[in-house]
2 protein chains.
Amino acid sequence: MSASTFPGAAIVRESGLRDGLQSIQKILDTERKKEWLRDAHAAGQREFEVGSFVPARLLPQLADTAEVLAYAKTLPGLVATVLVPNLKGAERAIEHGADVMVLPLSASHEHSLANLRKTPDDVVAELAKIRAARDAAGSRCVIEGGVGTAFGCTIQGEVKESEVLRLLKALLDAGADRVGLADTVGYANPAAVSRLFEKAVQIAGDRFSVGHFHDTRGLALANVFAAMQVGVKRFDASLAGIGGCPHAPGASGNASTEDLVFMLESMGVQTGIDIPKLLAVRAKLVGWLDGEATHGTMWRAGLPKNFSRVAA
Amino acid sequence: MSASTFPGAAIVRESGLRDGLQSIQKILDTERKKEWLRDAHAAGQREFEVGSFVPARLLPQLADTAEVLAYAKTLPGLVATVLVPNLKGAERAIEHGADVMVLPLSASHEHSLANLRKTPDDVVAELAKIRAARDAAGSRCVIEGGVGTAFGCTIQGEVKESEVLRLLKALLDAGADRVGLADTVGYANPAAVSRLFEKAVQIAGDRFSVGHFHDTRGLALANVFAAMQVGVKRFDASLAGIGGCPHAPGASGNASTEDLVFMLESMGVQTGIDIPKLLAVRAKLVGWLDGEATHGTMWRAGLPKNFSRVAA
């Protein structure tokens, strides 16, 4: 596998404002979320998961999603994604003009029941309703189905590859515009990623949207590399790797945005993101989150002396 | 690239006792080094870089290399490697019965002059002398040539791929039994690793021995994965990622042994190492190094629920 088979560009979608912040104690105030968006946008980042349309009592950290979304929409070229747990959330996403809404589905039956109180197939049915509502509203909000616990889960352990792929296809058939795979609990390894993502891309084609990896056991970037080799071009990541894992206090969260952008740019894969500017946003965020665990590696060492930024 | 093209087994060589300890302030006493060796051996690890035959005034951390080596040789099946900077060091390695000696060469001309006071070609000439001395002594000590700064260096920046490969071949021609490549300063990325290691393996064939990666910018495991895809089966790593980088205080050292072993075993690549036992050694080491930066990720989260150890 040579570098020449890589895409010339890839998208790093910031999920720290949703997946990151929802998993930590500290509630970041709305003005700081806006500052994060503004500064990261100025650094060249264009895709952000800005929040989640869930009841505020469940996730007080994301209670200001509508306001953050409204601000995000003022930044030129920004693609604002929100997570929606169900039709009701989707209706709010449509109402508030999100560009993309992600409906999470857990391929682990037990994890799905425990976390969503629905079977995976119930979630597929919900997506069909969301598609109907979106079309009826004349909205152009993109519907993304996200298949989580794709490499196993902390409750039932193993999750069968065949089940993950069945559900991925079911989401597409139910009307998802695109789909992604998530290693929700950090169980993936690059060989398993190669295997599963290759099949997922075969099924979804250009409608395969995104790889979402957690760095719980240090393999997030190796997993991204493996997914890129089968053609995936969009990855979720959290600035400073915030997020953690509810089952392992202090453990890493999502792939660190800054390390991921560095990996891509150093391979000649354009992200459009200026690394020194992004590191300045990271430094602000770390200050705001005083006391919360942060992660990532390259911020200490800085860019290599032979690094030449490829992005224009 | 599918998992089925991977080797069924790989060797994780512990370099923490040499590369790790030489880069940190704390001097670990000899009895603790022996305890590390004993416990890691009991966990199934078989290859260790136990020290360096350099003058004690230069590296007081490794002044006890002869004693540590003598102890290592008492552990059944253990392969003891030492670093030797020159013929004089090689003579000590032969005298003390090391199984493998590594002669480091820096492909960066400027780095080589600054650190070894020799040009890269002077080091090639030294290897020829070492080969003659080894053969004259009737020793079976394996001579490994290690080409460092293979992806750039902190002094001259870029290091040309053609120069790295020229020197790799020169070491083989001068009598090295085998050769490896090292990303001494953490500049590598997986695309560059794919490219360079593929060519190196083409040149050296079965005499290509080892990949040595630093996690200075978070890419060590992704780089290992890329190297495995072109057939490399031995990797250096430091327990708890100790080592750091003299140019970046607090930065990561080598790839973390425990994270690397986890990655390999989770891909079905046997290392022979029992992860829970290795994590117990890690916990001891972290205690001994009280105050020094340690790294690695999976020790917090533990093994996945669906993890099945492949090694017998």
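In this predicted model, Thr149(B) is buried, since 28 other C-beta atoms lie within 10 Å and 20 or more are enough for that class. Thr149(B) sits in the loop between strand 5 (142–148) and helix 7 of chain B. Its phi is near 45 degrees, a positive value in a residue other than glycine. Most residues other than glycine have a negative phi.

Thr149(A) lies in the loop between strand 5 and helix 7 of chain A, and its phi is positive, about 45 degrees, although Thr149(A) is not a glycine. Thr149(A) counts as buried because it has 28 C-beta neighbours inside 10 Å.

| Residue | C-beta neighbours inside 10 Å | Class |
|---|---|---|
| Thr149(A) | 28 neighbours inside 10 Å | buried |
| Pro76(B) | 7 neighbours inside 10 Å | exposed |

Pro76(B) belongs to the loop between helix 3 (65–72) and strand 3 (79–83) of chain B. Pro76(B) counts as exposed because it has 7 C-beta neighbours inside 10 Å, and the limit for that class is 12 or fewer. Between the C-alpha atoms of Pro76(B) and Glu35(B) the separation is 15 Å, the two residues being 41 apart along the chain.

**Strand 5 of chain A**

Strand 5 of chain A covers residues 142–148, and six of its seven residues are buried, so the strand is largely enclosed by the rest of the structure. Strand 4 (residues 100–106) of chain A runs parallel to strand 5 and is joined to it by seven bridges. Within this pairing, Val100(A) has Val142(A) as its bridge partner in strand 5. Strand 5 of chain A is also joined to strand 6 (residues 178–183) of chain A, by four bridges, and these two strands run parallel as well. Here Gly146(A) stands opposite Gly180(A) of strand 6. Together with helix 7 (residues 161–173) of chain A, strands 5 and 6 of chain A make a right-handed β-α-β unit.

**Helix 8 of chain B**

Helix 8 of chain B has 15 residues and should span 21 Å at 1.5 Å a residue; its end C-alpha atoms are 20 Å apart, which agrees. Its buried residues include Pro190(B), Val193(B), Leu196(B), Phe197(B) and Ala204(B). What covers the buried residues of this helix includes helix 9 (220–228) of chain A, along with helix 7 (161–173), strand 6 (178–183), strand 7 (208–213) and helix 9 of chain B. Just after helix 8 of chain B, Gly205(B) takes a positive phi of about 55 degrees.

**The two chains together**

Contact between the chains involves 46 residues of chain B and 45 residues of chain A. On the side of chain B that touches chain A, helix 8 (190–204), helix 9 (220–228), helix 10 (257–266) and helix 12 (298–301) each supply at least two residues. The residues of that side comprise 20 nonpolar, 19 polar and seven charged.

The same surface serves both copies, as 98% of the contact residues of chain B recur in chain A.

Note on methods
Residues are numbered from 1 along each chain as its sequence is written. Chains are lettered from A and ligands numbered from 1 in the order in which they are written. This is a predicted model: local features need pLDDT of at least 70, side-chain atom pairs count only at pLDDT 80 or more; totals for chains, interfaces and linings use all residues. Two residues are in contact if their C-beta atoms, placed from the backbone, lie within 7 Å. Ala, Val, Leu, Ile, Met, Phe, Trp, Tyr, Cys and Pro count as nonpolar, Asp, Glu, Lys and Arg as charged, and the others, Gly among them, as polar. Two strands pair if DSSP finds at least two bridges between them. A crossover is right-handed if, with the strands pointing away from the viewer, the path from the first strand over the helix to the second runs clockwise. The expected span of a helix is 1.5 Å times one less than its number of residues.
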